[in-house]
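Student: I would like to go through this entry and ask what each label rests on.

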Amino acid sequence: MTIDRLILGFKSFRETYYEEQPDFYRLLVEKGQKPEIMVIACSDSRVNPSILAKADPGELFIVRNVANLVPPYEPDSNYHGTSAAIEFAVRNLNVQHIIVLGHSHCGGIRFLCESRKGDEKREFIEGWMSIVEQVRDDGLAGEAQHRHAEREAVKVSLSNLLSFPWVKDRVEDGQLKLHGWWFDLVAGELLAHEAEEGWKTVAG
Ligand SMILES: [Zn+2]
């Protein structure tokens, strides 16, 4: 991937959404965005939700961070980028769904599972990943431990979403639905978590 390749990509995008469909962005600007779905995804370059779901501009409100984590509700003066995105999606845009999209072979989860005392320190990743430190199961090892932790972390994030009072209220009123998804990069499968049935393949 080069910068020139990106500029060529933009030209192709422009042809599709400006030249072939001149009203597309005009309406998105005039009427504003009205996405009904928020996705909380990993920053990993392989799990872009718009590409995975073949979504058009205007359809998904996305926040991406290391390991697709939702922190707990902490309304203090710190810089809560993910919480601000969730608040905007829920309270300003009134999204009807929030999907936490986990994935296999997640570098953030690998970091959590494999970091040991004495390793080279990072300045922000340890603190960020401590949001889901309970998913590190030392009874498992290697890839099995990672796959387990990746899925459990999605469940912790769903639970943390409910710590935001205006998320909880809307879920209880039926205005908002929360979804836990996990994308298997090897099998090319999408799994969804159901409270009673656990993880089930929904596409693949
Ligand atoms: Zn990841």
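Tutor: What follows is a set of questions about a predicted model, each answered from a value and a cut-off.

Student: What share of the residues of the protein chain count as buried?

Tutor: Of the 204 residues, 25% count as buried. The label requires 20 or more other C-beta atoms within 10 Å. As for contacts between residues at least 6 apart in sequence, 61% join residues at least 24 apart.

Student: How is the protein chain divided into domains?

Tutor: The domain assignment gives domain 1 as 1–32 and domain 2 as 33–203. The C-alpha centres of domain 1 and domain 2 are 28 Å apart.

Student: Which residues have the most contacts inside the largest nonpolar core?

Tutor: They are Ile40, Leu101 and Ala153, in a core of 38 residues. Elements that each supply at least two residues of this core include β1 (37–42), β3 (97–103) and α7 (142–161). Leucine 101 touches, among others, Val39, Ile40, Asn68, Trp181 and Phe183, leaving aside residues up to four places away in sequence.

Student: Asparagine 68 is in that contact list. Why is asparagine 68 called buried?

Tutor: Asparagine 68 has 30 other C-beta atoms within 10 Å, so it is buried, the cut-off being 20 or more. Asparagine 68 lies in the loop between β2 and α4. Alanine 67 lies in the loop between β2 and α4 as well, and because alanine 67 has 28 other C-beta atoms within 10 Å, it too is buried.

Student: Why is serine 115 called partly exposed rather than buried or exposed?

Tutor: Serine 115 has 16 other C-beta atoms within 10 Å, so it is partly exposed: buried takes 20 or more, and exposed takes 12 or fewer. Serine 115 is found in the loop between α5 and α6 (125–129). Its C-alpha atom is 29 Å from that of aspartate 76, which is 39 residues away along the chain.

Student: How do you know that the buried residues of α4 line one face of the helix?

Tutor: The buried residues in question are Ile86, Ala89 and Val90. Seen down the axis of α4, the buried residues fall within an arc of 85°, so they line one face. Those residues pack against β1, β2 and α8 (165–172). On the other side of α4, Gly81, Ala84 and Asn92 are exposed.

Student: How does the reach of α4 compare with the expected value?

Tutor: α4 has 12 residues and reaches 16 Å from its first C-alpha to its last, close to the 16 Å expected at 1.5 Å a residue. Asparagine 94 follows α4 and has a positive phi, near 55°.

Methods. Residues numbered from 1 in each chain as written. Predicted model: local features only at pLDDT ≥ 70, side-chain atom pairs only at ≥ 80, totals over all residues. Core = buried A, V, L, I, M, F, W, Y, C linked by C-beta atoms within 7 Å. Helix = DSSP H or I, 4+ residues; strand = E, 2+ residues; numbered from the N terminus. Contact = placed C-beta atoms within 7 Å. Domains from an automatic or database assignment. Expected span 1.5 Å × (residues − 1). Arc of directions from axis to C-beta.
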